[in-house]
Amino acid sequence: QLETYYQQIGQIDNMLADSDAGLSPALQELFSAVNNVASSPESQAARQAMLGSAQFLVSRFQSLNQRMSDINSSINGQISSSVTTINSYAQQIASINKNIVLAQAAFNEQTPNDLLDQRDQLISQLNKEIKASVVKQSDGTFNVFIGTGQALVVGEQAITLKAVQSFSDPSKVEVAYGSGTTFARVQQSSFQGGNLGGLIAFRSESLDVQQSALGRVALVLADTFNQQHKLGQD
């Protein structure tokens, strides 16, 4: 989870902290241009330079916001891919559960070690995608639970996850529990650990927060600048 989170947040850090393409250089250029106009208000060149710097800053805000939107789209794709991977592991674990029961019945309750090893390997791989806990049953099968206790595998049955469009924000993909054509939405914070947990945590804790903060900076800067500009004289 932390590795995935780190990889994703590095994109935002590199983008905002860039000494050339970040927000700070564009802000500094505007303020420098404003100072030049204040020093030489009669200079048409200084005025044009300030207007150019202002438009450049607007474009920088827009490009940074678009980049964050692109990251969000990438997160959507990665969440969908992770859901597909988790479903595949769950189905394989359920199938092996079934084969373990059949093998024990066919061979006088002898332990099918190869199947047990395969299942352990799948559980290990599943944990890389999402934190999973296992409860061994009396018949040798494993029940697998994820998140805050939601069942993923119960005996020979695998519960399906689905990547669905968010009700609150259509630009985002969320994870839901599905069965056929129906599905149940749950709190996204319940999906913890592994690659999927890292993606969801990064989006809610960092990407959404930073994109919102960028928007607030743009709004407040524009409003403050315009209010001050109205106080001037031609």
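How many residues does H3 have, and how far does H3 reach from its first C-alpha to its last? H3 has 63 residues and reaches 93 Å between those atoms, close to the 93 Å expected at 1.5 Å a residue (the expected span is 1.5 Å times one less than the number of residues). This is a predicted model, in which local features need pLDDT of at least 70 and side-chain atom pairs count only at pLDDT 80 or more, while totals for chains, interfaces and linings use all residues. Residues are numbered from 1 along each chain as its sequence is written, and side-chain values use heavy atoms, without hydrogens and water. Helices are DSSP runs of H or I with at least four residues, numbered from the N terminus.

**H2 against H3**
- Helix H2 (residues 23-39) packs on helix H3 (residues 44-106) at about 160 degrees, with the axes 8 Å apart (axes are lines fitted to C-alpha atoms over the stretch in contact, and angles run from 0 to 180 degrees between N-to-C directions).
- That angle makes H2 roughly antiparallel to H3 (the term applies to angles over 145 degrees).
- H2 passes H3 in a left-handed crossing (the near helix is turned anticlockwise from the far one by less than a right angle).
- Residues of H2 including Leu23, Leu27 and Leu30 meet a set in H3 that includes Met50, Leu57 and Phe61 (contact means heavy atoms within 4.5 Å).
- By class, this contact of H2 with H3 has 15 nonpolar, two polar and three charged residues (Ala, Val, Leu, Ile, Met, Phe, Trp, Tyr, Cys and Pro count as nonpolar, Asp, Glu, Lys and Arg as charged, and the others, Gly among them, as polar).

**H3 against H4**
- H3 and helix H4 (residues 113-129) pack at about 160 degrees, with their axes 10 Å apart.
- H3 is therefore roughly antiparallel to H4.
- The crossing of H3 and H4 is left-handed.
- The contact of H3 with H4 has eleven nonpolar, seven polar and two charged residues.

**H1 against H3**
- The axes of helix H1 (residues 2-16) and H3 come within 11 Å and cross at roughly 170 degrees.
- H1 is therefore roughly antiparallel to H3.
- Gln8, Gln11, Ile12, Met15 and Leu16 of H1 touch Leu64, Arg67, Met68, Ile71, Ile75 and Gln78 of H3.

**Other features**
- Asn108, which follows H3, has a positive phi, near 55 degrees.
- Helix H5 (residues 194-230) bends by about 40 degrees at Arg203 (the angle between axes fitted to the seven residues ending there and the seven starting there).

Definitions and conventions. Helices (H or I, at least four residues) and strands (E, at least two) are DSSP runs, numbered from the N terminus. Angles under 35 degrees count as roughly parallel, over 145 as roughly antiparallel, 65 to 115 as roughly perpendicular and the rest as oblique.
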